[in-house]
Amino acid sequence: MARGSVSIVVERCKACGFCVEFCPSKVLALSDAFNSKGYHPPHATTPEKCTGCDLCGMYCPDFAIHGFRTDKTAAAAATEVEKESGDAC
Amino acid sequence: MSTPVVTITTPENPVEDFMRTDRMPHIWCPGCGIGTTVNCFTRALIDSKTDLDKLSIVSGIGCTGRVAGYVNLDSFHTTHGRAIPFATGLKLASPDMTVVVYSGDGDLFAIGGNHLIHAARRNLDIKVICVNNLTYAMTGGQTGPATPLDVITATAAYGTYDPPFNLPQLVDAAGAVYVARWTTFHVKQLARSMAEMFKKKGFGFIEVISPCPTLYQRRNKMGDGLDTMKFYKQVSKIKHGTPTNEVGLTKSGEIICGKFVDRERPDFSTMMHAHLEHELGAKYIPAEAPVCS
Amino acid sequence: MHADPVGVLTGAHFLDGDHAACEGAIAAGARFSAGYPITPSTEVVERFSQRAPKIGATFIQMEDELAASITILGAVWGGVKAFTVTSGPGFSLMMEHIGYAVMTETPCVFIDVQRGGPSTGLPTLPAQADMMQVKWGSHGDYEIIALCPNSPQECFDLTIKAFNYSEQYRVPVFVMMDEVVGHMTEKVVIPAAEDIEIVPRRWTSKDKSTFQLFAPCGEEQIPEMAKAGDGYKVHVTGLTHNEKGYPDMTPVVQERMVKRLVTKIRDNAEKICITEEIDIEGADVVVVSYGITSRVAQRAIETARAEGLKVGSLRLITAWPFPEHVIRAIAPKVKGFVVAELNLGQMVREVERCAGGQCRVKLVGHAGGTVHKPEEILKAIQGVVR
């Protein structure tokens, strides 16, 4: 069971690849999806490996992703939560 | 047996509390490291338990200077090179304020160089975070005081031939009490260093080497932001306490990181108060922090 | 509101203009100055550096005028009244931050003790040749307020006025002294603190979530102030910004914001302008002067009147905003204006512009270095009358 999960603000992502590269558990990869600016945002390909360390969050220059611990909040399956940003760009 | 239904409340990104979210998205390029330094900054503020009402951020002009406009703090986007004297006035008028200067290599070391060395000389209690992307990024990637030798820039089409400053060495020589250098790869260490600096009285300085993929790296065929981050990981060596004259940068050489200087020296205000009290005795009336009435 | 008695040296003194200006700043409530030495202004900050530790004020000598001119702005946003002092070459260095103070609506005072120029010029000798620079020296469209004392007493009084105007209009205000006024020693009467009228900073009491640092309000449509450290999370930038202070670099906001910076002074010009008008009624010639030149002009006017000429005096106590309405009212009724100034023609241009060709305008200029001879002004008066 995953100890953590990531939350991604898809519209902010500029696909720089920092989170993908520096995730110590290699959870992330750039997806085939597009955001409205044409970037491929990341997604968790192996979410069960996520530890919620939030290194992705610390690296992300666009504040588009962060990781958090879930194992401390009862039994839960790690889910990838995508949050569409409602802000105007 | 039924599967327990659990609702996960997704905690907010800790950086959100610190941002003027009504101004997102920011203007920084894909792969630029400035946003990364802001993450470290917010973590440092959380970890050092700084009272955010008593923290002001002052920046100059340039890509890094835009940080002031995005953080949800008392923030001052001043003129090119003059963040430090503005911070001086702010700090002296409001002594209980933590004043952070967040600016770039060109702003702090070229046009702002004189103010930097004097503030360090005085040991003013201000914290300087210098994001060094080795160029004047905002205006298109011209040569700056920190640009290494043999680098192509917008004003050095054939490569630079004048040597750069060694930033930690300069501020060390000028009298800074805390001098460290990290890169945007070293997110954990940078956040810790910032938190450490906030707690230390006196002139603190942290240099953060950061990619400018659109200009610096592109012109020099060094890849994109991610390539640069991998480069930092590859060539950087953490060597705390290295003498600052040994940490100069070259185009592709070793990047020595770590905390180089951490010494004790009374700060400007402490010296001023002590001296005036000694000289004037009961006649000395120290300036009080102003109250709005 | 009245002056804080701490620092007010009530009584009769024998002071030069520089020293009197310093006392004026202190009486006005200034508790911060950042300066850099430059003749003939240095005494202002030298005195302040001595007085400061005894009155709860701070002085710091900065490394140059570029620093000094923005250090005071940082202090203002930290909550205090602040000023700096300089002369020509330093004034030139301060231009960028004058623009920044205007753009960020930072209340502050700059004292320029004018000397011979251009460039290094005559460090120890007078001129009045920064008069256009004070209005136009920084880039972009803007308005400021500039006051011209002609005695050490006025150096005291008008410095207080300058601070009051700066708080009232959230604008940098200038005290345009000259080397003679700065270094002449005369009687200066400093009243009791309760007799000195002070305009306090217009601190907002609005809610933190709704307050807008650059939204005009009140009768005069001037934004209220806040400072760092009170939870308002102010954002101050020199970029074109909206009422919230956020950069908004569009023609629409530029028009709205820059126009407001200009109109807040222009629309209130008649209230702001201070002139001394003597014997204007029925005059054939009106002598326009300011600062030390007005003292010389006084002698010339007395002599002319003794000769039977109908001469009036218009002294500009505020040079900016320029008292257009006063010139426009006088121009159709006189044969001409004689403009005496210690430069080769600066404020005369404003007089010409406002007179609109309705009368003669004669300049009695001077390259600087000493004051006019009264005979030079008298000859001009006689020439206009005939």
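Biologist: What is the order of the nine strands in the open sheet that includes β10(C)?

Modeller: The order is β7(B)-β8(B)-β5(B)-β6(B)-β4(B)-β3(B)-β1(B)-β2(B)-β10(C), with mixed pairing; strands here are DSSP runs of E with at least two residues, helices are runs of H or I with at least four, and both are numbered from the N terminus. Two strands are said to pair if DSSP finds at least two bridges between them. Please keep in mind that this is a predicted model, in which local features need pLDDT of at least 70 and side-chain atom pairs count only at pLDDT 80 or more, while totals for chains, interfaces and linings use all residues. Residues are numbered from 1 along each chain as its sequence is written, and chains are lettered from A and ligands numbered from 1 in the order in which they are written.

Biologist: Why do β7 of chain B and β10 of chain C stand at the edges?

Modeller: Each of the two, β7 (236-238) of chain B and β10 (235-237) of chain C, has a single partner strand, so one side of each is left without a neighbour in the sheet. Neighbouring strands of this sheet are turned by 15° against each other on average, direction ignored, where the axes are lines fitted to C-alpha atoms, for helices over the stretch in contact, and angles run from 0 to 180 degrees between N-to-C directions.

Biologist: What makes β2 of chain B and β10(C) a pair?

Modeller: Strand β2 (residues 74-77) of chain B and β10(C) are joined in the parallel sense over three bridges, and the definition asks for at least two. Within this pair, Phe76(B) has Val236(C) as its bridge partner. Strands β5 (residues 178-183) and β6 (residues 204-209) of chain B also run parallel, joined by six bridges, and Ala180(B) stands opposite Ile206(B) there.

Biologist: How many residues of chain C are in contact with chain B, and what counts as a contact?

Modeller: The contact takes 43 residues of chain C and 37 residues of chain B, two residues being in contact if their C-beta atoms, placed from the backbone, lie within 7 Å. Helix α3(C) gives the most to the side of chain C that touches chain B, with nine residues. That side has 23 nonpolar, 12 polar and eight charged residues; Ala, Val, Leu, Ile, Met, Phe, Trp, Tyr, Cys and Pro count as nonpolar, Asp, Glu, Lys and Arg as charged, and the others, Gly among them, as polar. Chains A and C, by contrast, do not touch, and their nearest C-alpha atoms are 14 Å apart.

Biologist: How do you know that the span of helix α10 of chain B agrees with its 13 residues?

Modeller: The expected span is 1.5 Å times one less than the number of residues, so the 13 residues of α10 (residues 268-280) of chain B should span 18 Å, and the end C-alpha atoms are 18 Å apart, which agrees. After α10(B) comes Gly281(B), whose phi is positive, near 60°.

Biologist: Why is Gln298(C) called partly exposed?

Modeller: Gln298(C), which lies in helix α11 (residues 292-306) of chain C, has 18 C-beta neighbours inside 10 Å and therefore counts as partly exposed. A residue is buried if 20 or more other C-beta atoms lie within 10 Å of its own, exposed if 12 or fewer, and partly exposed in between, with C-beta atoms placed from the backbone.
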